[in-house]
Amino acid sequence: MGEDINEDPTHTGSGSANNTNTEENGETIEGVKYYTLEEIRLHSMSSDSWLIIHDKVYDITSFLEEHPGGEEVLLEQAGADATESFEDVGHSTDARELLLQYYIGELHMDDRKKENETDENVSNSGESSSSWMTWLIAAIAATVVGVMYRYYLSEHKSS
């Protein structure tokens with residue numbers, strides 16, 4: 001009576017004690033719940049932990065004690081985007097499948113754009129600086145090789 005039932009077939013895990021909170025937050029569009037970064041940041045404690053991995057939101061509260069790397073590793077990322085950390089570790093296929101049972105929704109589209117724009121700006125400024133330095137190093141190396149070659153030729157002609 002009056003209870004919301006999660007119709008998402010991927011959410012088969014036991015969930016957290018705050019699962020009713022999960023149902024109250026977020027915006028549902030076409031059967032998918034979307035959460036803003038602000039909403040997700042509120043879930044960063046051991047009693048209520050959410051993660052973002054590849055723009056998908058996971059309630060990993062009930063998994064904290066079971067995590068092979070320890071719960072501290074997960075709590076460091078709780079309430080934030082853990083995609084890079086998740087991929088850097090090189091999780092197995094089993095770990096990725098296990099993750100599906102903690103799925104509760106998606107990161108809101110507006111927040112995805114913000115993150116992608118920030119990443120593009122950082123990478124673009126880094127690329128132009130890196131590209132410029134690559135050409136400078138190549139030009140200096142070519143100049144040094146040219147000078148050494150002329151010196152070598154002039155030494156051998158006089159002998």
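This note goes through the predicted model in numbered points, from the overall chain to single residues.

1. Residues are numbered from 1 along each chain as its sequence is written. The model is predicted, with local features needing pLDDT of at least 70 and side-chain atom pairs counting only at pLDDT 80 or more, whereas totals for chains, interfaces and linings use all residues, and side-chain values use heavy atoms, with hydrogens and water left out.

2. The chain holds 6 helices and 7 strands, where helices (H or I, at least four residues) and strands (E, at least two) are DSSP runs numbered from the N terminus. Read from the N terminus, the order of these elements is α-β-β-α-β-β-β-α-β-α-α-β-α.

3. Of the 159 residues, 28% count as buried, which stands for under 20% relative accessible area with a 1.4 Å probe and protein chains only. The accessible surface, from the Shrake-Rupley method with a 1.4 Å probe, comes to about 10900 Å², and carbon and sulfur atoms account for 55% of that surface. Where contacts (heavy atoms within 4.5 Å) join residues at least 6 apart in sequence, 66% of them link residues at least 24 apart.

4. Strand β1 (residues 27-29) pairs with strand β2 (residues 32-35) in the antiparallel sense over 3 bridges, pairing being called if DSSP finds at least two bridges between two strands. In this pair T28 stands opposite K33 in β2. The two strands form a hairpin with 2 residues between them, and E30 in the turn has a positive phi of about 50°.

5. Strand β2 is also joined, by 2 bridges, to strand β7 (residues 103-107), and these two run parallel; here Y34 stands opposite E106 in β7.

6. D111 belongs to helix α6 (residues 109-157), and because its relative accessibility is 4%, D111 counts as buried. Apart from neighbours within four places in sequence, D111 is in contact with Y35, T36, L37 and E38.

7. The largest pocket has about 390 Å³ of space; a pocket is an open set of points on a 1 Å grid over the protein atoms alone, where a 1.4 Å probe fits, with protein on both sides within 12 Å along at least five of seven lines, and lining residues have an atom within 4 Å of a point. Its lining has 19 residues, of which F63, H67, L74, F86 and H91 are the closest to the centre. Two or more lining residues come from each of β4 (48-53), α3 (71-77), α4 (83-89) and α5 (93-100). The lining divides into 14 nonpolar residues, 5 polar and no charged.

Definitions and conventions
Buried means under 20% relative accessible area, exposed over 50%, partly exposed in between (1.4 Å probe, protein chains only). Grid points are joined across faces, edges and corners, and a volume is the space filled by probe spheres set on the points. Ala, Val, Leu, Ile, Met, Phe, Trp, Tyr, Cys and Pro count as nonpolar, Asp, Glu, Lys and Arg as charged, and the others, Gly among them, as polar.
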